[in-house]
Amino acid sequence: MDDRAAVGANGLEGALEAARADPIAGELVTETFAYDGGRQVTVYVPPDPPEAVVFAGDGQLISQWGGYLEAADVPPTMIVAAYRTDDEDEMARIGEYSPSFDEERFAAHERFFVHDVRGWVRSRFGVALPAERTAVCGVSASGELSIAMGLRHPDIYGAVFSASPGAGYRPPAVLPSPLPRTYLVAGTQEPFFLENATRWADALRNAGADVVMNQRVGNHGDPFWAGEFPLMVAWAFGA
């Protein structure tokens, strides 16, 4: 476990319980885009002007994590979370999130995620922060998305938060340059995903990237991922 994450973890349990119990002080705003016949994006708008922004996949889940940030000692951070596909076929979700399976589907989702969503956030909320104040986040399959977006667009996403990434997208023989700062986490009770996260951590470190690889007791799912989210934000944007 990384020492910086270990320090942040002290006392986090109580903060998470408070975040679950209390209503959020910020606001949730949802917009439906034309992409894929109607795809929702939910934005958590913090009560104070945002000093950082996190773009995320799996928006049904991650858009609800604003309360965890409010309970933590982190800068006001906007969450922009694009929902996953409604298609019940898991390969449809993986096709959007991993560049290794369906190039055309991945490219269409990439355009939606990188250009359409960011443009709407800029026009709707007046938020267009530099890369050093912008992260991309994902969990499981969307953990692959966060890595792919960070590697393909380091000028936009200066930090990557990837929790329990899947194995469909693996480090290429030669990684691009520059590389975003990357925070990976996986649980001891999910060995398949822990192996994937460790593989990426090793490859990125060997290529000279700034990497945190946090391994702790936990299994695949929320609240394991939600508990790590404030630590990721604190690491990337300061307390």
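In which crossing, left-handed or right-handed, does helix 5 pass helix 6?

**Entry 1: the model.** I noted that this is a predicted model, in which local features need pLDDT of at least 70, side-chain atom pairs count only at pLDDT 80 or more, and totals for chains, interfaces and linings use all residues. Residues are numbered from 1 along each chain as its sequence is written, and side-chain values use heavy atoms, with hydrogens and water left out.

**Entry 2: helices 5 and 6.** I found that helix 5 passes helix 6 in a right-handed crossing (the near helix is turned clockwise from the far one by less than a right angle). Helices here are DSSP runs of H or I with at least four residues, and strands are runs of E with at least two, numbered from the N terminus. The axes of helix 5 (residues 90-97) and helix 6 (residues 103-125) come within 7 Å and cross at roughly 65 degrees. Such axes are lines fitted to C-alpha atoms over the stretch in contact, with angles from 0 to 180 degrees between N-to-C directions. Ala92, Gly95, Glu96 and Tyr97 of helix 5 make the contact with Arg105, Phe106 and His109 of helix 6 (contact means heavy atoms within 4.5 Å).

**Entry 3: the nonpolar cores.** I looked up the largest nonpolar core, which has 44 residues. A core is a set of buried Ala, Val, Leu, Ile, Met, Phe, Trp, Tyr and Cys residues joined through side-chain atoms within 4.5 Å; buried means under 20% relative accessible area, with a 1.4 Å probe and protein chains only. Helix 6 gives the most to this core, with seven residues. Phe113 is one of the residues with the most contacts inside the core.

**Entry 4: Ser63.** Where is Ser63 placed? I located Ser63 in the loop between helix 3 (59-62) and helix 4 (66-70). Ser63 counts as buried because its relative accessibility is 1%. A polar atom of its side chain lies 2.6 Å from the backbone oxygen of Gly59. Beyond four places in sequence, Ser63 touches Leu28, Thr42, Tyr44, Ile79, Ala81 and Tyr83.

**Entry 5: Thr134.** I located Thr134 in strand 5 (residues 134-139). Thr134 counts as buried because its relative accessibility is 3%. Its side chain reaches the backbone oxygen of Pro130 at 2.9 Å. Among the residues that Thr134 touches, not counting those up to four places away in sequence, are Val53, Phe55, Tyr157 and Phe237.

Key. Buried < 20%, exposed > 50% of the residue type's maximum accessible area, 1.4 Å probe, protein only. Polar contact = N/O pair within 3.5 Å; in protein donor to acceptor, adjacent residues only side chain to side chain.
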